[in-house]
Each structure stands twice: as structure tokens, then as C-alpha cells.
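The exercises below are meant to be worked with the sequence and the coordinates open side by side. Each one sets a task and then gives a solution in steps.

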Amino acid sequence: MQLQLRNTGQTYGVIAKSLHWVIAALILILIPLGIYANGLPYDTAAQLARKGQLFSLHKTLGVLVFFLAVARLLWAASNPRPAPLHPDRRLEHLAAQTVHWLLYGSIVLVPLSGWLHHAATSGFAPILWPFGQNLPLVPKSETLAALTAGLHIVLERVLALSVLLHIAGALKHHLIDRDVTLRRMTWGQINTPPSAAAPPPSPARARLPARLPLVAALLLWMAALVTGGALGLYTPHRPPLAGPAPGTAPTTVPATAHTLPGSEWIVQSGQIALEIKQFNSIVTGQFDDWQAHITYDPDRATGQASVTINPASLRLGSLTSEALGPDFLAPGRFAQAQFSAALNQGTATGHLTLRGQTVPVTFPYQLSLDAQAAQVQATLSLDRRDFGIGLKLDDPATLDYAVAVKITLTANRAP
Ligand code: HEM
Ligand code: HEM
């Protein structure tokens, strides 16, 4: 038997068939794998590691689908399409062609949205080959990550539904119509003479307008995307900031440009940034809401610093919700973190209270002074376990014990 590489007017060639079945097999693995991995818990290190492994596999196979799909589209565009067997059954033909468009689009858009989501986040389940962890022009962004995750889910639902309709159609042709539709996409023998496999062109009025299936597919995608928007799937789900209890005064004020009575130095700007390592990938974030009270005597190079932080104001990229969960910062229960230290010749010695646990801390700081302004920089390393954070994640390869804190601030001498 001679291998026919290219499609003909009657049947698919070996390349189209191979691409069709390899991609079909991968997609039939990827959909249940994605749903299963997404539903797995991640409370313990073992659970998180398993979830991470399955997502790594999901992403790696998914990116493979993307490349195969691009090859397939290019091949399909440069090959004849076997003629429809029953173009006179207008509705059936419209449904089949619309589903083909949905499938062609989905095999590119579903992995692409997943890949963009991956590139916009950091710290979770790497793709299992060295390239593609980051994509050009795709910033690490919580908003973009939420948008692309929502798109991935909506597009993947359209794909799953299209696959079901497509399989139902193929089986109908094979089992009820008993025609060659399935056999010409497989390696089965097409015994029908070419004239029966590809009927003569039907009269123009019986045929569908050529672009109608594509337009129908675009409308269906649009409807699905709008539904996703109405369900709020494209926006980050961030736990609400822990506000003050009704009837009580607010406990924190914005960090910048506030005056504290009696303080000698007023913070003008600054940042309390965090760096954690999950699955060997660094994730950075910062607290948006904190206030500092600093007294400092430049002649003796001594002073006092006291910092109050609102843990609910943490932004840690795509890990924000996890970091604010009950096993982590739990701002619902521990509404404030407090740091106070004596400053002495470049060393801060004091205590940090976080999640209700008070731990002694000592770290060096660099201070540069001019006539009115002071610039301070400090880096310290904390062990999250000292504060009872993420205790169930007891494997540092999953989530490192060390958390780096970087403090930078500019303060002016109070008038
Ligand atoms: C044809 C390829 C793909 C298919 C069919 C597919 C399918 C799925 C499915 C069914 C889910 C579960 C959604 C749910 O639980 O409702 C999912 C989730 C996910 N997929 Fe894919 N996927 C593909 C490619 C990719 C790629 C290439 C990546 C990344 C490189 C990726 C990353 C993800 C992520 C991160 C989630 C979890 C989304 C979330 O946090 O809600 N996927 N995918
Ligand atoms: C699961 C993912 C699948 C995808 C993404 C997919 C996609 C496609 C696409 C885009 C076509 C148009 C022809 C082409 O390849 O260029 C096609 C044709 C076809 N597919 Fe699939 N398919 C999938 C699974 C299946 C399964 C499981 C079956 C069998 C039960 C099947 C049976 C067929 C048949 C018979 C054709 C030829 C239709 C015709 O000639 O009119 N497909 N498929």
C-alpha cells in the first residue's frame, strides 16, 4: 500500500491523520488531567508537590499541543480538504464545519492562554523544559494572570464541548450513516469508489455560504467569552482587606507622607518587600499598608524604630490568596504585625510579632544621611516556621523555609 502524505479531494493524507490523532490523544489526556490537578488539595508539602508535578506535566504536554497545532494549521492550509460527503444536509454540514473551526481555533488558543497565564505568574509548577517559562512582552502581573486563567477555562470549556459534538458526529457517520467519514480519517480501507466518497458538486442553492461556519464559530466563542466575563472569571479573586471592626478606629494609615506626633523622622516613601522561593522559583511581593515611627540621633548613630504592618495588604503575585490563607498570614485572625527595634551603629536589634508569635530579630542596616533626609536599606532573612507559617508545607523544595525581607525607606527629619 502506498503512503499518501498529502490530502486528496477524497481522503486525508498520512500527515493530516497523524497530526489529528496525536493532538486528539493529547487533548483527551489534557482535559481530565487539568480538571483533576486543579481540584487537588495543596495543604501539605506532599499534596502541593503532587499538584505541582501534575500541573508541570499538563503544561508541558499543552505547550507541545500548541506547536503541533501550529504545524497542523499550516499543513491544513496548504492541502486540499476532502470534499464533504453530504453537503446537501445543510444543517448537519453547518454543524460539522462550525465544530471543525472551533476545534482548529481551540487547539491553538487553549494552550496559548494557558501558556500566557503561566508566563504572567511565578513560582508554581514549571514547564518541564528549559525554555518558555517566561514569554517576551508578558509581564508578571496578577491582573494578567487572572485574565488569562479565566480565558483558559472558558476556551477549554468550548474545546471540551466541541470535542463531544465532534465525536458524536464521527460516531453517527460511522455507525448510523455507515459512510467513510471515520475511515478516511483513520487507516481503514476506503472501499467506496472515489465517485461515491466524493459526490459531484451539489447545486449552488443547496450549498452553505462558505464563510457561514466560521462566522458561527466566532459568534459561539464570543458568547462563551461574554459569559465568562459575566461570571467574573477574568478578575483576580483577592480576599477583602481586613478592615477595622465596626465602631473602632482604623489601626493603620498609608505608609507615605504621614506625620506621627513626637517622631523625629517622617517616612516619605518606602517599601517592605518579601521574597520567597516556591518550586525553586523566586516570587516577590510587598506590603502596601504599613506605618513606621522612627527616632534617630545622627550624632550617636542610635535610635528606635517601630513598624506596624497590615498583613492583609500583602501582594505576592499569583500567590497572594494562598499567602493570606489560614495556614499562612491569616489576617482575619492576626490583623497586625509589629516590629520594634533599637538602632545602634548600623545594627537593628528587636522583636517581630507576626501571626501572634514574637521572635527576636537582629539585622544590619545601611543608612545614608544628608542635611534633612535619611535613606535606609536593610535585608533580613526570617524562617517562616518560627511564626507558624505554612507548617504543613514541611519540604523546603516545595516552599523554602527562608523568607527574605527587604526594607528601603526615605525619611525626613521632622521640623
Ligand atoms: C490543549 C491544551 C490544554 C488543554 C486542553 C487544557 C485544559 C485544561 C483544563 C480542562 C483545565 C482545568 C480547568 C478547570 O478545572 O475547570 C486546565 C487548567 C489549567 N491549565 Fe490547561 N490546558 C491546556 C494547556 C495548558 C498549557 C499550555 C498551560 C500552561 C503552560 C496550562 C496551564 C493550566 C493552568 C495553570 C490551569 C489552572 C488554571 C486555574 O488556576 O484556574 N494549560 N487546563
Ligand atoms: C479530541 C480532540 C480532537 C480534535 C481537536 C479534533 C479535530 C479535528 C479537526 C480540526 C478536523 C478537521 C480535519 C483536519 O484535521 O484538518 C477533524 C476531522 C475529523 N475528526 Fe477529529 N478531532 C478530535 C478527536 C476526534 C475523535 C476522538 C474522533 C473519532 C471518534 C475524530 C474523528 C474525526 C473525523 C472522522 C474527522 C474527519 C471529518 C470529515 O472528514 O468531515 N476526531 N478533527
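**Exercise 1. Determine which residues come nearest to ligand 2, and describe the shell around ligand 2.**

Solution. Of the 18 residues around ligand 2, those that come nearest are Tyr-12, His-20, Arg-72, Tyr-104 and His-166, where a residue counts as near if one of its heavy atoms lies within 4 Å of the molecule. Before going further, note that this is a predicted model, in which local features need pLDDT of at least 70 and side-chain atom pairs count only at pLDDT 80 or more, while totals for chains, interfaces and linings use all residues. Residues are numbered from 1 along each chain as its sequence is written, chains are lettered from A and ligands numbered from 1 in the order in which they are written, and side-chain values use heavy atoms, with hydrogens and water left out.

Next, take the polar contacts, which are pairs of N or O atoms within 3.5 Å. Oxygen atoms of ligand 2 are approached by a polar side-chain atom of Arg-72 at 2.6 Å and by an N or O atom in the side chain of Tyr-104 at 2.3 Å, whereas a polar side-chain atom of His-166 lies 2.6 Å from a nitrogen atom of the ligand. The elements giving two or more residues to this shell are α1 (14-39), α3 (90-120) and α4; helices here are DSSP runs (H or I, at least four residues), and strands likewise (E, at least two), numbered from the N terminus.

**Exercise 2. Identify the protein donors of the iron atom of ligand 1, and work out which arrangement the six donor atoms make.**

Solution. Donors are N, O and S atoms within 2.8 Å of the metal (3.2 Å for Na, K and Ca), and the protein supplies His-58 (NE2) and His-152 (NE2), at 2.0 to 2.1 Å from the iron. The six donor atoms subtend angles of 86 to 180 degrees, so the arrangement is octahedral, a term that requires opposite donors over 155 degrees apart and all others between 65 and 115. Because His-58 lies in helix α2 (residues 45-77) and His-152 in helix α4 (residues 142-177), the pair ties together parts that are 94 residues apart in sequence. Both histidines are buried, meaning under 20% relative accessible area, with exposed set at over 50% and partly exposed in between (1.4 Å probe, protein chains only).

**Exercise 3. Locate Leu-369 and list its contacts.**

Solution. Leu-369 is found in strand β8 (residues 357-369) and is partly exposed, with a relative accessible area of 38%. Leaving aside neighbours within four places in sequence, Leu-369 is in contact (heavy atoms within 4.5 Å) with Trp-265, Tyr-296, Pro-298 and Ala-374.

Key:
Four donors count as tetrahedral if all angles lie between 85 and 135 degrees; four count as square planar and six as octahedral if opposite donors are over 155 degrees apart and all others between 65 and 115; anything else is irregular. A polar contact is a pair of N or O atoms within 3.5 Å; within protein, one must be able to donate a hydrogen and the other to accept it, and residues adjacent in sequence count only if both atoms are side-chain atoms.
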